[in-house]
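Please walk me through the aromatic contacts and the strand pairing of this protein, in plain terms.

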Amino acid sequence: MNQDQNLHIEDINVLIKRRIEELEELKKKGINPYPYSYNVTHSSKEILEKYSEFEGKDVSLAGRIMSLRRMGKASFAHIMDFNGKIQIYLKKDDLGDSYDIFKLLDIGDIIGVMGFVFKTKTGEISIHVKELTVLSKAIRPIPIAKEVIDEHGNKIIYDQFSDKELRYRQRYVDLIVNRDVMDVFIKRTKIIRYLREYLDSCGYYEVETPVLQPIYGGAAARPFVTHHNALDIDLYLRIADELYLKRLLVGGFEGVYEIAKDFRNEGMDREHNPEFTMLELYVAYKDYFWMMEFVEKLISTIVEKLHGKQKIIIEDKEIDFTPPWKRFSMAELIKEKLGIDILNDDFQKLYNFAKTKQIDIEPNISRGKLIDEIFSELVQPELIQPTIIYDYPLELSPLAKRHRSRPDVVERFEGFVMGRELCNAFSELNDPIDQRKRFEEQMKMRKAGDEEAHMFDEDFVRALEYGMPPAAGLGIGIDRLVMLLTNQHSIRDVILFPTMRPEK
């Protein structure tokens, strides 16, 4: 820690000490700095947008003090509520002893004000305060950015709360100081609401399946392990919802979905967080052709509701979500782009090709994973506009139905936007004998060292033996969808409290 940092901490400690002294002074004056409730009648947004309706009328607001300008017997301040900021005007002649209370308040304190709406001489809509109530005395100062215009007219910002790691750790401060962050999470809420509304309107049922599972499955990933003391067994945090949701198709549901937290014990980067949110949907009597059209319409509807249009700017590109999207088979696109045939070329040729392209390959990699690495590294980044890639090699998808015209391919597709995977979908495998063989192959891969190969779920195979109707399944990563539709670069920017190393 350098000298400047030490000074900064000392400065903060001085401010905290002063605020605690102010807190004690408030108590001496008979003021409860943490009362139980306050009657709020209006928001800042209402008043600012409908000034003509409120001019001269009494209103009651609550919010956090974000700026202060004291001028002897009169003061101005701005308070911020959920909807925005509004100016307040306080006069000693109106408030009497309450004006002395205001002198004990700081930026960051939360107050309630009652007064009438007016415009100042400069034309700013404000509230002339007649009653002031302290609602929460903030002990720790918030990092308010200061703007200064230099002699060249350039805006310089000081004390900005901009350190990414600190913002993720102290999201509560991030939301106070960086209001555009609040907008991202409001949009996240809306996106999930629009998903639910759309799926509910189709007649599908939202269900809940176990988070703690005796056998994890539905994806290629390593799980988190926990222990149940009463049963004396290890359990796993789910990595996917798929196998339980398909059991419900066996039971007679014809359209089920779950928006759920999943957990994967894997690396972290701008697109991966150990705890993430997934939508999984399963619809009986449909296939992946039907699901392609369904997902195009679902996503484009959400984009339209959120932005009021189909074309939006993501990073520096205009992305058009209007259906139909571009569609390519994986083998055809790889052959066109790279000149290799992933269905017919032998493993060694594919391996040598990957090596010449400097792709980092794990020892004992399977053919399916090798193909996936080649596609992910060399083709996927070029998929900027919404694109569907379909017909994946069999080895990549042990839960998908074999292709109706060639047995070495499965009926699977993924949707991509801006080079990122947006969704994953299958014609679901419902042949219990084939599923058993696929699980057995996965277990061989586990014994060969693939820790992410699927586990053998005997009960799921038993469920299929009772008969599951043909079905289409869909998975959408909610966090990645929100990243795209809010133009955020990192998954941590769309998760309120992302996983972090413990503070030192």
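Phe76, Tyr89, Phe116 and Phe118 belong to one aromatic cluster. Rings of Phe, Tyr and Trp (its six-membered ring) pair if their centres lie within 6.5 Å; planes under 30 degrees apart are called stacked, over 60 edge-to-face, and the rest tilted. The model is a predicted one, in which local features need pLDDT of at least 70 and side-chain atom pairs count only at pLDDT 80 or more, while totals for chains, interfaces and linings use all residues. Residues are numbered from 1 along each chain as its sequence is written, and side-chain values use heavy atoms, with hydrogens and water left out.

By the ring rule there are 15 aromatic pairs. One of them joins Tyr198 and Phe294, edge-to-face, at 5.8 Å centre to centre and with 75° between the planes. This pair links distant parts of the chain: Tyr198 is in helix α8 (residues 179–201) and Phe294 in helix α10 (residues 288–307), 96 residues apart. Helices (H or I, at least four residues) and strands (E, at least two) are DSSP runs, numbered from the N terminus. Buried means under 20% relative accessible area, exposed over 50%, and partly exposed in between (1.4 Å probe, protein chains only). Tyr198 counts as buried because its relative accessibility is 14%, and Phe294 is buried with a relative accessible area of 7%.

Phe439 and Phe456 have ring centres 5.4 Å apart and planes at 45°, so this pair is tilted. Phe439 lies in helix α14 (residues 432–447) and Phe456 in the loop between α14 and α15 (458–465), so the pair ties together parts 17 residues apart in sequence. Phe439 is buried, at 1% relative accessibility.

Charged side chains also meet rings. A charge sits over a ring if NZ of Lys or CZ of Arg is within 6 Å of the ring centre and within 35 degrees of the ring normal. Arg70 lies over the face of Phe102, 5.4 Å from the ring centre. The charged end of Arg247 sits over the ring of Tyr244, at 4.7 Å from its centre.

How do the strands pair? Two strands pair if DSSP finds at least two bridges between them. Strand β11 (residues 233–237) pairs with strand β9 (residues 212–213) in the antiparallel sense over 2 bridges, and Leu212 stands opposite Leu237 in β11. Strand β10 (residues 225–228) also runs antiparallel to β11, joined by 4 bridges; here Thr226 has Leu235 as its bridge partner. β10 and β11 form a hairpin with 4 residues between them, and Asp232 in the turn has a positive phi of about 55°.
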